[in-house]
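Here are a few notes to read alongside the model. Keep the viewer open and look up each residue as you go.

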Amino acid sequence: MGCLYVICIFRQISTMKAFKYLSILVLPLTVYISFTQNGLFTFLPLITFFGLVPFLELFFSPDKKNLTQDQEDIEKENKIYTGILYFTVPLQLFFLGWFFIIMQDPNLTFTDTTGRVFAMGLMCGVIGINVGHELGHRNNRFDEFLGEVLLLTSLNTHFLPYHNAGHHFNVATPKDAATARKNEIIYLFWFRSHFQSYYQAWKTESIRLKNSEKSWFHYQNRMLIYTFCNIILLGSLFFFLGLKMLLIFLITAIIGILLLETVNYIEHYGLLRKKNERGRYERVKRTHSWNSDHVIGKTMLFNLSRHSDHHYNGSKHYQLLKSLPESPQMPTGYPGMMLLALFPPLWFKLMNKKLEEL
């Protein structure tokens with residue numbers, strides 16, 4: 001009876017821990033305000049995530065606590081963590097559909113339009129791509145499909161074949177599109193990473209099909225299917241809502257993509273794996289990604305900032321990711337680091353010094 005009581009207590013605690021990831025709802029709440037208000041209020045999501053969150057993180061110490069093995073076994077079976085991810089899918093689709101409606105208002109000012117485009121773009125990056133990334137790592141087709149749907153909302157479906165078969169294999173090497181080189185300016189990295197990863201996604205799928213003795217022009221080519229889906233989405237927008245709405249959506253998707261590429265930039269900046277005597281790269285370790293345990297950003301991004309452990313074991317669910325002392329640490333959370341990256345002289349001064357200390 002005593003053991004059963006302890007297990008019940010642990011499960012209750014596990015449930016409460018899971019609910020902290022509902023803090024992501026701050027994003028759709030601020031986007032709701034952006035969509036229903038005018039003027040500077042339309043920029044509330046940006047102000048919250050790139051103003052208030054980095055400021056608050058200055059006052060909270062990083063949380064380096066990890067689960068014990070017993071806790072990990074319980075958390076692994078807690079379906080609430082996956083349920084929260086599932087909940088974001090209809091939420092993202094609802095806000096995108098609402099966005100298409102409200103942006104047709106002829107009375108919108110330039111400020112209103114800009115604020116709402118950035119608000120939806122933030123949702124495309126934080127929910128569309130980040131949650132799509134988490135679901136895309138799952139080992140079942142249903143979760144992968146939901147990840148594809150989320151990634152489609154920012155026209156970034158090529159992310160999955162490239163990320164899983166390319167980035168995780170080549171990370172921290174010159175072959176990897178998403179690994180920023182030391183002293184590489186972020187604005188150039190955006191273009192290199194995005195277009196190179198798109199090319200590598202096609203290449204990866206072509207090789208996979210060739211190994212199965214299939215033509216690249218085959219229904220199992222995910223890049224082919226994704227391309228058709230992108231064309232259908234964009235064509236439908238143009239046909240039903242017109243050129244203006246199509247252009248607005250393209251800008252929104254680009255904002256989501258740039259958020260992803262900025263995250264890519266800060267996650268692996270300047271880190272390289274060593275080669276052995278046979279010219280092969282050492283296996284991926286927890287030292288090949290920058291880590292951040294800053295509480296607010298970590299929770300709101302589903303532990304994405306515990307990126308070192310994610311690369312060490314890509315299939316590990318977000319609630320199980322660990323912080324380990326050998327992982328290189330960012331000086332602040334993701335939102336603050338993303339802002340810093342936009343100012344290359346400051347970024348190089350801080351991060352190149354940290355690279356020398358590794």
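**Notes on helix packing and aromatic pairs**

1. Start with Y21: this residue is buried, at a relative accessible area of 3%. Bear in mind that the model is a predicted one. Y318 counts as buried too, because its relative accessibility is 0%, and the cut-off for buried is under 20%.

2. These two tyrosines form an edge-to-face aromatic pair, with 5.0 Å from centre to centre and 85° between the planes. The pair links distant parts of the chain: Y21 sits in the loop between helix 1 and helix 2, Y318 in the loop between helix 13 and helix 14, and they are 297 residues apart.

3. Now try Y269 and F348, a stacked pair with centres 6.3 Å from each other and 25° between the planes. Y269 is in the loop between helix 11 and helix 12 while F348 belongs to helix 15, so this pair ties together parts 79 residues apart in sequence. Both Y269 and F348 are buried.

4. Across the whole structure, a search turns up 25 aromatic pairs. There is also an aromatic cluster whose members include Y32, W98 and F249.

5. F249 comes up again with T153, which it contacts along with Q92, L93, L96, C124 and G128, leaving aside T153's neighbours within four places in sequence. T153 lies in the loop between helix 7 and helix 8, and is buried at 4% relative accessible area.

6. Finally, the axes of helix 6 and helix 11 come within 8 Å and cross at roughly 50°, so the two are oblique to each other. The contact residues divide into 12 nonpolar, 4 polar and no charged.

Key: Residues numbered from 1 in each chain as written. Predicted model: local features only at pLDDT ≥ 70, side-chain atom pairs only at ≥ 80, totals over all residues. Heavy atoms only, no water. Axes fitted to C-alpha atoms, helices over the stretch in contact; angles between N-to-C directions. Helix = DSSP H or I, 4+ residues; strand = E, 2+ residues; numbered from the N terminus. Parallel < 35°, antiparallel > 145°, perpendicular 65-115°, else oblique. Nonpolar A, V, L, I, M, F, W, Y, C, P; charged D, E, K, R; others polar. Buried < 20%, exposed > 50% of the residue type's maximum accessible area, 1.4 Å probe, protein only. Contact = heavy atoms within 4.5 Å. Phe/Tyr/Trp six-rings, centres within 6.5 Å; stacked < 30°, edge-to-face > 60°.
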